[in-house]
Amino acid sequence: MKKIMALILIVVLTMSTFLVGCGSKDNDKTDNGTTTDNSTDNDTGKDVADEKEWSGTIKVQMIGSFKMEDSTDPVSGVKTKGVHLLKEEFERTHPGAKVEYVLMGWDSYQQKTQAMLMSGEADVYQVPGIASFAAQGLLEPLAPYIENENYDLEKYINGQINGWKAMGPEDSDLEIYGVPVLGDTRVIVYDKKIFDDWGVEYLSEEPTIDEIMEKAAKMTGKNPVTGEENYGLYFRGKYASDLALNIGESLGGTWGTGFRYKDLQVNFNSEEMKKGVQYLKDAVAYAPSGILSEQGNELFLTENNNIGMTLRIGPGFLKPIYSNGLDERYGASLLFVNPEKGMGGVFEGSPCAIGKSSENKELAWEYLKFTGSEFYQQYLWDEYMAAPVLKSATEWEHIKAVPQMEVVLKAMGRLWGPRYPYRSAQPKSILASNVELALLGQATIEEALDNAQKETEEWIKEQQK
Amino acid sequence: MKKKNKNTQLVWYLFLLPSFLGLALFMAYPVMESFRLSFFRSNGTIEKWAGIDNYIYVFKNAGFWQAVRNTFYIGFFQLLISIPLGFIIASIINQMKWFKNFFKVIFFIPYVTSIVAAAMVFLYVLHPDMGLLNTLLSSLGLPTSTWLADSTTARWGVIILSVWHQLGFIIIISLANLQAIPNDIYESSSIDGANRFKQWWFITIPNMTGTFAFFVVMGWIGALKRFSETYILGGLQGSPGRSLYTIVGFIYERGFGGNEFGVASAAAYILFAIILIFTIFNLKISKMNKAN
């Protein structure tokens, strides 16, 4: 029955996209209940009837699994509408304008984007590494465009605009260089069946680290129902430092202050951070043995899962559970926030920005507004299950049909913004390696974090020269 | 007549021009540009003169020395295992009457496999619970390991992968050189009463010293440039605990992970110097110059 429901949901999502994609100028009533009126301001931000004639071509770079043409997943058979839908819609709402796409994968995206920006290859860029590009003066500041049109930033989920703020070479404060496009975050995902087998109460919506540890301890060992070996929890070893910091935040800690590398002050050896690493060190006992090499969680999100919960997992978990008809089996809970600041965790996702060398900035700005339209955001969700960045997404029937998304969207609104700037540079590696040494027992927690603090301070001093 | 010759030569140079341009643009220019960058603090677009600060920084950096240690550790054990093992296997194959080509192909296949693809496969081979290696060890009653989840064993995981990948090359080159040893030396030693082992020990091995020197020099150059497999198995920071962080990993991380192109370029030139010095050292030790 669950499989049938999941199948229906997938068909519904695919069909809805098809309807949206095939929309004419008339209103298209989609199965999500929302009216995707292609000719109104509410949808794409453009009313074609009284719009001026545009000219020129803009190039848009997109990172991810995007494909220009429609495609079919060889495993699930689910059809995905290509990016040509966006092209058609933008060109329809901007008569005379042309848009071309440069689609690339996530591998070495930072290097590829850097090369493209330096050679002025495109007009609009997807820039998860916005801080480093803005610092090099490669991006166009968006404040004048926003002020000129009184562009509504309130429509974006809380914190999304702040999170992507960056500093150009001449700026003295954080400025807007990009608008959010792809939402992302990390949540806790747990397997209700394993909780049931062990007679453990499901995770609360906003669990504390103590609740997690207590429940993980109970679910580690031979499963009383299946007799198979179970692990209480799993976390990605390579990102242990992010999780340790996030736990530290829940205990009142912060990563530090400043934005430019030379102005950074980090709190890597704070008491809260030490406690965070200690929690992780204890947690290793409830995890598969390959945790530091990201091995041992292969069965998670499958029928034969042997792990109670995974800490820090992105919205990508939705696709496998819905494809496998396991959507009701896996629940989601929020990760930790600093109680005073009300935010925590690494800022995730992607914004879009205009290249400084773009020769058609006006049209590029039009495209940026297009990325913030419901049409664009619904397309990304329907076809690629990319988390939307609009507040209104909570009301979409598509989203309501996926209960885990309520937690994902809530989590997106609590991310630490502006994003941790140290993660774009050497201190990220310094902290990560030292936390790993502590988890391996090759250094005490104090030694490891003191060393991380010292190495990072030396690096910062180098940036001040 | 002379003029005609000159014109003909010009035509040839004209044909060579695209290759020269390619070499100048894609080899000579990046090398010079990287050298220039090593004296600047550069994030790709904004540059500031740094003099030799980048070189001093790299020399003082603990992460760089960790990378040097890892690179030499993995390289040393890889060569220590793969050269003798490859030579022994080549000697056995050389003596075989049947299936010679079959074994040559079997051992050579890993070498033609992309190291990136091989490393991806080794993520599963070295899996602590369902990996092939642990299954084999436990079936033999030997202790298993978490391999990539521990600093020491992670390095040994890379050594095993590298030996597996490199063995075919050593076997094929050794076989070619084994077949080049004149047969009459073996025949006369047989008349003198030498058994097979003695022939191998006193005739084959001394005749192979040039080949061994070639393996050592080429092996060390390859080992010092190691990156792909450690990147796949240990990620950008060579996890766990920087145990798989190599010199090229350091260059890549600083250059492309953090846009510190000046530091990365300085490290690249330090690596060049290390390779140069080490190759001269190897040549001296192995007396390859003399052999040649």
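On a 1 Å grid over the protein atoms alone, a cavity is a set of points where a 1.4 Å probe fits but cannot get out, and lining residues have an atom within 4 Å of a point. Keep that in mind, everyone.

Quick housekeeping. This is a predicted model, where local features need pLDDT of at least 70, side-chain atom pairs count only at pLDDT 80 or more, and totals for chains, interfaces and linings use all residues. Residues are numbered from 1 along each chain as written, chains are lettered from A and ligands numbered from 1 in written order, and side-chain values use heavy atoms, without hydrogens or water.

So, what lines the largest cavity? There are 15 residues, and Arg186(A), Leu335(A), Gly344(A), Gly345(A) and Leu415(A) lie nearest its centre.

Now the cores. A nonpolar core is a set of buried (under 20% relative accessible area, 1.4 Å probe, protein chains only) Ala, Val, Leu, Ile, Met, Phe, Trp, Tyr and Cys residues joined through side-chain atoms within 4.5 Å. The largest one has 168 residues, and Leu86(A), Phe235(A), Met309(A), Phe317(A) and Tyr367(A) touch the most other members. Its largest share, ten residues, comes from chain B's helix α13, residues 261-286; helices here are DSSP runs of H or I, at least four residues. Apart from that core sits another, of 21 residues, including Ile63(A) and Phe347(A).

On to chain B. Along its principal axes, the C-alpha trace spans about 75 × 75 × 30 Å. Of its 292 residues, 46% are buried. In α10(B), the buried ones include Phe212(B), Phe215(B) and Trp220(B).

Definitions and conventions. 1 Å grid on protein atoms, 1.4 Å probe; cavity = no way out; pocket = protein on both sides within 12 Å on 5 of 7 lines; lining within 4 Å. Buried < 20%, exposed > 50% of the residue type's maximum accessible area, 1.4 Å probe, protein only. Helix = DSSP H or I, 4+ residues; strand = E, 2+ residues; numbered from the N terminus.
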